[in-house]
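Subject: A structure for you to explore

Hi there,

Here is the structure I promised to pass on to you. Please open it beside this email, so that you can look up each residue as you read.

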Amino acid sequence: MSIILINMIGQVYKIHSDFYYVMPETKIPDIKIVECKLREILKKGKTKILVGDFVEYNEDFAITRVLKRKNFCFKPAVANLDLMLVVSAILEPDLDFIQLNRYLTFLKYHKINALLCFNKDDLTSADELNQIKERIENIYKPLGYDMVFTSALNKDGLSVLKKMIKGKTIALTGLSGVGKSSILNALNPDFNLKTKTVSERLKRGVHTTRHSEILEFSDFKIIDTPGFSKLTFDFILPKDLGDYFDEIKELKTGCKFSDCLHIIDTDEDCNVINNLENIDISRYESYIEFLEETKKYKTKVTYEGTKSESTTKIHSNKEFAKISTKKRTHSRKKLKQTAKNLILEHTPEENYD
């Protein structure tokens, strides 16, 4: 007996080329993953589907709709997370607080909770590790972040990590080479994900994961994602950046001016600057670095604007892909030229003799 699939719902587990591998919400005998394509209207409308999305698909295995997301981000490109595990290395590569703060600010913007994982604690002595732990905890515990220290090599801290992510769908982010794939292999050796050591020449990680994919464990799901190194705040206005640093957000209400940027020797009567001793120096340095990036965005918005044209239109309660203004203009010009040529072809020549 054939199985008829009409308007089924499932979660996107992997995306490869133009195919979307979806796990049905309703279990189907002998079928765990179905291979789907994107419906033409969604493709023309440039609908972006992410790993973790819940989608609706028809009997032709064509995705017809993306269901409302709990959250999402594009670096890494994932949706519907309970938690993002931000992985940093104690050494190899060296712990970079500004890069860590970059991830945390990005996640704060996208309203995704973060769990901090500091891996490779086997590369330091006990005394050095205790000093590093104290420094990290002094910065991030007051901000409400939970953290775990691990060694994928020695399997230290993995039982603690499992308890912290139990029952959740999470993703891993962090620079290449910090040990994301090694942690996944340590959690379940059956996955046998590809890993590489840190480049001796560049002193940084080498990309090993090539695409995002949901990996199922007994009591949690992990979305394995490619590493990336380029993340800039070219989508936030300068006046809003402080809202994504909790310690600055708490103090900025006391500033004299509502558009205060909290810059030393520039802003007068700045409550943040007056209480700078209460903010860790690495956090403030991160804020200043990111602020320069947001200023470029402000310039872009000022001169170019942010308005974008809708890619779909509704007619008779049906959704259709909408041709862009540029293409419509081109089509009209072509139509006018065609009409002009036809008129010339069918107009008799005047006799001037």
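First, some ground rules. This is a predicted model, in which local features need pLDDT of at least 70 and side-chain atom pairs count only at pLDDT 80 or more, while totals for chains, interfaces and linings use all residues. Residues are numbered from 1 along each chain as its sequence is written, and side-chain values use heavy atoms, with hydrogens and water left out.

**The whole chain**

The protein chain has 10 helices and 15 strands. Both kinds of element are DSSP runs numbered from the N terminus: helices are H or I with at least four residues, and strands are E with at least two. Of the 353 residues, 42% count as buried. Buried means under 20% relative accessible area, exposed means over 50%, and partly exposed lies in between (1.4 Å probe, protein chains only). Contact here means heavy atoms within 4.5 Å. Among contacts between residues at least 6 apart in sequence, 63% join residues at least 24 apart.

S12 and S13 form a hairpin with four residues between them. Within it, Glu213 stands opposite Asp224.

Thr169 counts as buried because its relative accessibility is 13%. Leaving aside neighbours within four places in sequence, Thr169 is in contact with Asn80, Leu81, Asp82, Leu83, Lys221 and Ile223.

Is Leu172 buried or exposed? Its relative accessible area is 1%, so Leu172 is buried. Not counting residues up to four places away in sequence, Leu172 touches several residues, including Pro76, Met84, Leu184, Ile222 and Thr225. Leu172 and Thr225 are 53 residues apart along the chain, yet their C-alpha atoms are separated by 6.7 Å.

Two packed helices are described by the angle between their axes and the distance between the axes. Axes are lines fitted to C-alpha atoms, for helices over the stretch in contact, and angles run from 0 to 180 degrees between N-to-C directions.

Helix H2 (residues 97–109) packs with helix H3 (residues 126–140) at an angle of about 35°, with the axes 13 Å apart. There, Phe97, Leu100, Asn101 and Leu104 of H2 meet Arg135, Ile136, Ile139 and Tyr140 of H3.

H2 also packs with helix H9 (residues 281–304), at an angle of about 65° and with the axes 9 Å apart. Among the residues making this contact are Phe97, Asn101 and Leu104 of H2 and Ser282, Glu289 and Phe290 of H9.

**Aromatic rings**

How many aromatic pairs does a search of the whole structure find? It finds 14. Rings of Phe, Tyr and Trp (its six-membered ring) pair if their centres lie within 6.5 Å; planes under 30 degrees apart count as stacked, over 60 as edge-to-face and the rest as tilted. Tyr57 and Phe61 form a stacked pair, 6.4 Å centre to centre with 20° between the planes. Tyr57 counts as buried because its relative accessibility is 0%, whereas Phe61, at 32%, counts as partly exposed.

There is also an aromatic cluster whose members include Phe106, Tyr109, Phe233, Tyr284 and Phe290.

Enjoy exploring!

Definitions and conventions
Two strands pair if DSSP finds at least two bridges between them.
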